[in-house]
Amino acid sequence: MTIKIAVIQFPGANCDLDAVHVLNDVIGVETSLVWHNHFKEANFDGVVLPGGFSFGDYLRAGIIAAHSPALDEARIMLKDGRPIIGICNGFQILVEAEFLPGALLQNEALRFVCKWVNIKVINNRTAFTHKMNKDDVLAIPIAHGEGRYYTDNLKELEENDQIVFKYSTEDGSFTSEANPNGSLENIAGICNIEQTCLGLMPHPERASESILSPKQTIHGRIFFESMIEFIKRRLT
Amino acid sequence: MTKVKLNGEEVNIEMTKDEFEKVKELLDRDPTITELGGFDVMWSEHCSYKSSRPKLKLFEDAEANYDYVLAGPGEDAGVIDIGDGYALAFRIESHNHPSAIEPYHGAATGIGGIIRDVLCMGVRPIALLDPLRFGRLAGNSHSQWLFKYVVKGIADYGNCTGIPTIGGEVEFDDSFENNCIVNVACIGLGTIEDFKHAPSRAYNPGDYIILMGGSTGKDGIHGVTFASRTLTEMSEADRPAVQIGDPFTKKMIIEATLEAVKTGFVRGLKDLGGGGLTCATSELTGDGNTGANIDLRKVFTAEPGMTSYEIMLSESQERMAFIVKPEGLEVVLNVFRKYEMAFAVIGKTDDSKVLKVFDGEELVVSLPAKALSESPMFKRAEKRPEYLERLLAQKTPEPTIGFKDIIEKLIASENICSKEWVYRQYDHEVGVRSVVKCGDGDSGVLRIIGTDKFIAASVGVNSKHCYLDPYEGAKGGLVEICGNVIANGAKPMAMVNCCNFGNPEIPESFWYFSKAVEGMNDFCRTLRIPIVGGNVSFYNEDEVTKTAIKATPQIMIVGIINGFENIITLPFKESGNDILIVGETEAELGGSEYHSVIHGLEGGIPPKIDEEKIQARWNLLFELYQEKLIKANHDVNKGGFIISITEMCFKNKIGADMDLTGYNIKKLRDDELLFSETVGRFIIETSSKDYDRILGLAEKFNVTVKKIGSLTSKPEINIKGLKQDVKLNINKMKELYDSTIPNLMEI
Amino acid sequence: MAQTEYIIEISLENKPAARDPVAETIKRDLLAKKGYDEVSKVRSGQYLRINLLANNEENAKEIVTKMCNDLRIFNPVTQNLNIISVKKL
């Protein structure tokens, strides 16, 4: 019963190899890089849509990749509750493919921003956050130009417990200084109603090794460890 | 423009009448219009280096003299063996003229070009660095516009291709106002095996020639000769010679190329940049000692009805030429199909040593393959500019404001202040290799995943110093950039340079280039640093005002650190520790920020380099590293050592109580002591319990090391030992340091 | 002369000789792949709709053209200005 994870390689993805490295070499789960046209859901227990600039972000970030056959396959996984995580561009793709609600717009400052931020755990029941504590503050880096989350259905998101992370200060307050891109209500990541599909702008794969973190933290690992645990529980 | 008669018709060409005659002599006939277009482009300054080659011959043969240098100048990128089975390829290029006209696309396509050069060595590009020059920003909307869009162009292209920009440098000076400098560097990583099988040239007859990537269009025709002309003459008419980059296609090309190379069937690889298909095919066959038979009708074009001239000279971006073994053709083409990259088999190599290009039935080019690279060389005249005497004799007036005010003005000045506004726009973490990030060190440090080995890289030079003395300034650049990697714990391994100068046909401008090359040559030979590549950009001169840019021979150094625990970073770590300075300060305010910001002066005596002292200091530092005695290190440059110390206080809000009594060995004036930019000094943080050991070693290595202060937990810097004590507030200094560029750019 | 309010629609498009990677990708990777074979060409650009007071249609076009040239609203190196329509409000 080996757990198998896929990282989908869309044309223009950049953070695919990073995710494969963390999952294979740091977490230790069998992970394959799969070319988007070759992706078949039956072979995998979980899937990662990595960051990058799929199709150059042309027209709108994530829109062209959203039409890839890989998303049709992933939709089957969504229906039967296998964990799906979309990181940065992956989040944008999930939103355009309507796995998750809302939209990701250009950063308020109209510039790309690359820096480490703090995100607070709002929902620790999802497939990727159940090993976290509610109100934990995690240090994870962002790097994006179109990360401003927007929805006209905020009430629904709140009622269904779909808000998973919010940008915060180190001690957990949701200030505007802590919000790097102008996202509505400082929202950094959301999930589907079933709590199995997570989309977030920050990059947990860049925060999984102490050698890369400004304060030697490894908060990124918990995402993937939660996913493995969740899969194990499902399979038994 | 020269007018010549070709087959009865009058034609405009860029080359001189003499060069045209030489072409006819080489071919023993009139060239066809396509052949002539090829020579015109290949013999331009940018492609042929005709003015610089005679001088560049001074450099020693890096491949022959250093056993770890696998590829030297002349290849698409320099390659060095860094141990543990790994090799690094790196190169630096200029894209100045296109960026001055159209900063966003000019800078973006500059990045596109340098990525391709490294990719040609068959290795994955893993880092970018960008040293830039602009006119001063304050009150100058043109400079602000150029700066904003060059940075955005580099950011958008680099981010989209997923290659982190890990370092760079910006200097602002009036001389760059109409001739901005945009140099771009790229580092690629592979194994020695990758490199041994690296595609190089078309050495075998009977191989297929395949074009892959973007389609060939009418853009940029004669983009290269445009770079060899000064801007004011050509600008209006040259509007079409700036191309639009496509980083998405570039990213696909990177993946497709690397996968194709892994099949083992790719024997030659060349990107299509300046000079387009003409340059690529002639270099592949010329260097490979073969010939080729190419059919232009097979080339996939962006629009119908393109002439053979247009196809051969097009500089459409994002195209690569592959030389493929016949038995591997389908395997390689299947890789291209997987990535949905357009391709065309356009011909085959043969042993004729002649490059034959057909347009259907018509033979439009038939040249000895080496002909296009046999440009005449020019021995240019050089003459030391007369204004230098007066400039060097400039004396420093006594300051009329207090030192606290001077230091605050300096920390906020454009050339010293924080460049965070720039590097926040670059994804400097993609690839999960970035260990020492912008702001934490003098160089960018990357890990090699799966090893305990790290790469440090830095780029830059001080143009104001080079303006006053290009020989010492070029040496100084080497000392400074080597110092940057050494400050992070790395041993400098190799250098590439990008020479940005004025019009080589003007003796005073050529003199700057000549002296800079001599400086680089002398220093590198003495300190044993191989020069593995270089780029020359001439004609950075405004014809109307007759001003050339300040001489800018950019230096890039790559170094290696073995062991994570041996990486040193810049910020001060612990209150109570000692602050030591390595190296004496001389009265060398020439070309300093203190001179220009406080006194409005450009002259004075610039720093001189003593190779023996520099080598001794470096040896001492490595000994101290070995004994793990250094907690933080920052090399001293713009603004002098007091600025360096201030910068080290910022991150952890650690203060300093300083006493300079005893350091002023040469009895300098207070301002000379604080603000002199004497090259090759370091500020190090050490534990007071190690003081005696360190001083003992310093004596053994014959290096001046002095304790000049102690770290405190108060957010202040107190300086004693000058005529008047100085007290600086660190929070205020940080605010000044952080806000200059955002205030200027948030328009 | 009496001033009337006009609405002008303009588009800023890459010059025909310049590449348009955004449009090429939309056509190749989206439309063609999803069965829209009937599409032969796509060009991309930016759209602006401007309300302004002018003496007549010609004058309205003149003002907008001058404005776009003077303020570099379109990039003259790589783009063309295209007036799509002029209407009286």
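Helix H20 of chain B, spanning residues 470-487, contributes five residues to the lining of the largest cavity, the most of any contributor. The model examined here is a predicted one. The lining as a whole comprises 17 residues, and those nearest the centre of the cavity are His465(B), Gly476(B), Glu480(B), Glu677(B) and Val679(B). Sorted by class, the lining holds eight polar, five charged and four nonpolar residues. The volume of this cavity is about 130 Å³, and a search of the whole structure finds six cavities of 30 Å³ or more.

Attention may now turn to the nonpolar cores. The largest contains 143 residues, of which Phe99(A), Phe165(A), Phe223(A), Phe147(B) and Phe322(B) touch the most other members. Helix H12 of chain B, residues 247-262, supplies the largest share of this core, with eight residues. A second, separate core has 69 residues, among them Leu388(B), Tyr512(B), Ile529(B) and Val536(B).

Beyond its neighbours within four places in sequence, Phe147(B) is in contact with Phe134(B), Leu137(B), Val170(B), Phe172(B), Trp421(B), Val422(B), Ile741(B) and Met745(B).

In chain A, Ser208(A) lies in the loop that runs between strand S11 (197-200) and helix H5 (220-235). Ser208(A) counts as buried because its relative accessibility is 0%, under the limit of 20%. Its side chain reaches the backbone oxygen of Pro204(A) at 2.9 Å. When residues up to four places away in sequence are not counted, Ser208(A) touches Val22(A), Val26(A), Ile218(A), Gly220(A), Arg221(A) and Phe224(A).

Definitions and conventions: Residues are numbered from 1 along each chain as its sequence is written. Chains are lettered from A and ligands numbered from 1 in the order in which they are written. This is a predicted model: local features need pLDDT of at least 70, side-chain atom pairs count only at pLDDT 80 or more; totals for chains, interfaces and linings use all residues. Side-chain values use heavy atoms; hydrogens and water are left out. On a 1 Å grid over the protein atoms alone, a cavity is a set of points where a 1.4 Å probe fits but cannot get out, and a pocket is an open set with protein on both sides within 12 Å along at least five of seven lines; lining residues have an atom within 4 Å of a point. Grid points are joined across faces, edges and corners, and a volume is the space filled by probe spheres set on the points. Helices (H or I, at least four residues) and strands (E, at least two) are DSSP runs, numbered from the N terminus. Ala, Val, Leu, Ile, Met, Phe, Trp, Tyr, Cys and Pro count as nonpolar, Asp, Glu, Lys and Arg as charged, and the others, Gly among them, as polar. A nonpolar core is a set of buried Ala, Val, Leu, Ile, Met, Phe, Trp, Tyr and Cys residues joined through side-chain atoms within 4.5 Å. Buried means under 20% relative accessible area, exposed over 50%, partly exposed in between (1.4 Å probe, protein chains only). Contact means heavy atoms within 4.5 Å. A polar contact is a pair of N or O atoms within 3.5 Å; within protein, one must be able to donate a hydrogen and the other to accept it, and residues adjacent in sequence count only if both atoms are side-chain atoms.
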